[in-house]
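Look over the sequence and the 3D view below. Then read on for a short tour of some helices and strands.

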Amino acid sequence: MKGYIDTEYGGVTIDASVIAKYAGIVAIECFGIVGMATINVKDGFSKLLKTDSLTHGINVEIDGNNVQIDFHVIVAYGVSISAVADNLIQNVKYQIEELTGMVVTKINIFVEGVRVID
């Protein structure tokens, strides 16, 4: 899926992977987020991904000018999950809308684990 923005100078096409990568970078900078997670469907285990694999924990769906993002994250032990989720939603929504000019209609957060920060 690709997003399309029409400007006075022509059209801009944005691939979903670009939005996913940018959303992952913004998410990692949020307080309380340890990293992105991936689920091993066979075993049901979550795995913390390295920073070069940020897009594996993110699913982006584009419908015209609207964007929906799903995050699978691992949060830091001892922080309020609701506060982390609110912070993540606000930051990602603002940054993606500023970068792309598209509208973020929905952000789903799936907390896959908790880690103690060293």
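In which helix do Glu97 and Lys93 both lie, and how many residues apart are they? Both lie in helix H2 (residues 81-100). They are four residues apart, about one turn of the helix. Keep in mind that this is a predicted model.

The side chains of Glu97 and Lys93 meet in a salt bridge, 2.7 Å from N to O. The structure holds one salt bridge.

| Residue | Relative accessible area | Class |
|---|---|---|
| Glu97 | 25% | partly exposed |
| Lys93 | 33% | partly exposed |

Buried means under 20% and exposed means over 50%, so a residue in between counts as partly exposed.

Now turn to helix H1 (residues 16-28). It has 13 residues. At 1.5 Å a residue, H1 should span 18 Å. Its end C-alpha atoms are 18 Å apart, so the two values agree. The buried residues in H1 include Ala16, Ile19, Ala20 and Ala23. Gly24, Val26 and Ala27 are buried too. These residues cover an arc of only 165° around the axis, so they sit on the same side of H1.

Next come the strands. E5 pairs with strand E6 (residues 66-76) in the antiparallel sense, over six bridges. The hairpin of E5 and E6 has two residues between the strands. There, Gly64 takes a positive phi near 70°.

Methods
Residues numbered from 1 in each chain as written. Predicted model: local features only at pLDDT ≥ 70, side-chain atom pairs only at ≥ 80, totals over all residues. Heavy atoms only, no water. Salt bridge = Lys/Arg side-chain N within 4 Å of Asp/Glu carboxyl O. Buried < 20%, exposed > 50% of the residue type's maximum accessible area, 1.4 Å probe, protein only. Expected span 1.5 Å × (residues − 1). Arc of directions from axis to C-beta. Pairing = 2+ DSSP bridges.
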